[in-house]
Amino acid sequence: MKPNLRASSDRLLRRIEQLAAIGSIDGGGVCRLALTEEDRLARDLVTRWMTELGLVVSIDEIGNVVGTRLGVVDGPPVMIGSHIDSVATGGRYDGTLGVLAGLELVETLNEANFQTQHALAVAFFTNEEGVRFAPDMMGSAVHQGSLGLIEALATKDENDASVGEELKRIGYAGDDAVATVTPRAFLELHVEQGPILEKAGTTIGIVTGVQGISWTEYRVTGTSNHAGTTPMRLRHDAGFVAAAITTEARHLADQLGGDQVATVGVTELRPNLVNVIANHARITVDLRNTTEDRLQQAEARMTQYIAKLAAIEGVEVASRSLARFCPVEFDPDVVNLIETTTNECGYACQRLPSGAGHDAQMFAPNCPTGMIFVPSQGGISHNVKEFTAAVEIDAGLDVLTQVVLQLTE
Ligand code: HGY
Ligand code: MN
Ligand code: MN
């Protein structure tokens, strides 16, 4: 029998503020890159909260942390999870909302002295953002077996520090084996990070799936030369090639249309001097689409364009895939359950795909998985101005609570 419980969004908001104080940056945002000192402090705080709430805490070999509340019957838990690492210019809700909402639900169950039939787990996964170590969703991908542990531990950042070394340094190189736990179901509450819900005046997003993601790094090698004396026809300009790729990314997204998006987020030139033609460029191209064949079309167009451009400009271009995930559909029964429950709770809702990657997408192939979105003010995220109103957080927490209580029955 599902108990009539209402979790406390005030307490959840207090925890969000407390966590946001770790790695806080001007403008109200956070910088907690994976496996940095800020990430360690955040991990310590959330793990302490898990322990205080009576959860059995486990840390696995890639540093994922799972707190489990036993159920009446043995067997796999219903898992609520997300992440607490951030991009360098992050907001305070991205990832943390999902983890802390799970803790709030646990505290509500503890206060009601209610034991769910099936176990309930709350998890945060290592390096969801992928900005220091690629790919993103690293910890959840290893947890669910779609990325090898050894390969992940060997991944290095720009300063040649490896995931394995950094996990040891911050004290989160756990002992628990990875890729051994398949939850009974997986749920993630997350801010939408886009403009759709707010524009429609909708409170709850029923997430149908996650679009495909393709990250590639290009390293361009040309010839540095004098900016004043080198005739244009004799140049091998890495800076020009980087700019041309950036323009082509926008161009192909406009031409393909539909859900296609393209972003050049990183451009580094060397020697980066006003009067020297650049001989090196490092840029990253992030391509996404809700359909796999269109994403492959975008990738093929970008590859052909760069090959032609390199030949004309007389430069070398080395490419390296940083992340590649196919689009994912969430379990229709879970999507329907979230929608029915949201309607019963009386919140305006709509279905939509996720433009952002999430840990939930790593669970979708293995167990019934779903996501609940709440609106992002102005559609802003990965930006210190990220904001979601308390009343919307309250609604998201309420829907999460009611859905989890049904799944743990
Ligand atoms: O890149 C993403 O979509 C996610 O924020 N890691
Ligand atoms: Mn996120
Ligand atoms: Mn993010």
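What is the volume of the second largest pocket? It is about 270 Å³. The legends below take up this pocket and several other sites in a predicted model.

**View 1. The second largest pocket and its lining.** The second largest pocket has a volume of about 270 Å³. Its lining counts 17 residues, and those closest to the pocket centre are Ser-58, Val-66, Thr-68, His-143 and Val-181. Two elements each give two or more residues to this lining: strand S3 (56-59) and strand S4 (65-69). By class, nine lining residues are nonpolar, six are polar and two are charged. Rolling a probe the size of a water molecule over the atoms shows where empty space is left.

**View 2. Ligand 1 and the residues around it.** The shell around ligand 1 is made up of Glu-128, Glu-129, Asp-136, Trp-215, Arg-288, Ala-356, Gly-357 and His-382. By class, this shell has four charged, two polar and two nonpolar residues.

**View 3. Polar side-chain atoms at ligand 1.** Glu-128 places a polar side-chain atom 3.2 Å from a nitrogen atom of ligand 1. An N or O atom in the Glu-129 side chain lies 3.0 Å from an oxygen atom of the ligand. For Arg-288, an N or O atom of the side chain is 2.7 Å from an oxygen atom of ligand 1. Taken alone, ligand 1 exposes 210 Å², and the protein buries 95% of that.

View 4. Arg-132 sits in the loop between strand S6 (120-124) and helix H4 (138-143). Arg-132 counts as buried because its relative accessibility, 17%, is under 20%. What does its side chain reach?

**View 5. Asn-127 in the loop between S6 and H4.** Asn-127 is found in the loop between S6 and H4. Its phi is near 50°, a positive value in a residue other than glycine. Most residues other than glycine have a negative phi, and most peptide bonds are trans. Is Asn-127 buried or exposed? Asn-127 is buried, because its relative accessible area of 1% falls under the 20% limit.

**View 6. The cis peptide bond at Pro-135.** Ala-134 and Pro-135 are joined by a cis peptide bond, with omega about 5°. Pro-135 lies in the loop between S6 and H4.

**View 7. The cis peptide bond at Pro-271.** A cis peptide bond links Arg-270 to Pro-271, and omega is about 5°. Pro-271 is placed in the loop between strand S10 (261-270) and strand S11 (280-289).

**View 8. Positive phi at Asp-160.** Asp-160 is not a glycine, yet its phi is positive, at about 70°. Asp-160 lies in the loop between helix H5 (149-154) and helix H6 (163-170).

**View 9. Ala-323 in strand S12.** Ala-323 belongs to strand S12 (residues 316-325). With 4% relative accessibility, Ala-323 counts as buried. Gln-304 is 19 residues away along the chain, and the C-alpha atoms of Ala-323 and Gln-304 are separated by 20 Å.

Conventions:
Residues numbered from 1 in each chain as written. Chains lettered and ligands numbered in written order. Predicted model: local features only at pLDDT ≥ 70, side-chain atom pairs only at ≥ 80, totals over all residues. Heavy atoms only, no water. Near = heavy atom within 4 Å. Polar contact = N/O pair within 3.5 Å; in protein donor to acceptor, adjacent residues only side chain to side chain. Areas by Shrake-Rupley, 256 points an atom, 1.4 Å probe, with all protein chains shown as cover. Nonpolar A, V, L, I, M, F, W, Y, C, P; charged D, E, K, R; others polar. 1 Å grid on protein atoms, 1.4 Å probe; cavity = no way out; pocket = protein on both sides within 12 Å on 5 of 7 lines; lining within 4 Å. Points joined across faces, edges and corners; volume = space filled by probe spheres on them. Helix = DSSP H or I, 4+ residues; strand = E, 2+ residues; numbered from the N terminus. Buried < 20%, exposed > 50% of the residue type's maximum accessible area, 1.4 Å probe, protein only.
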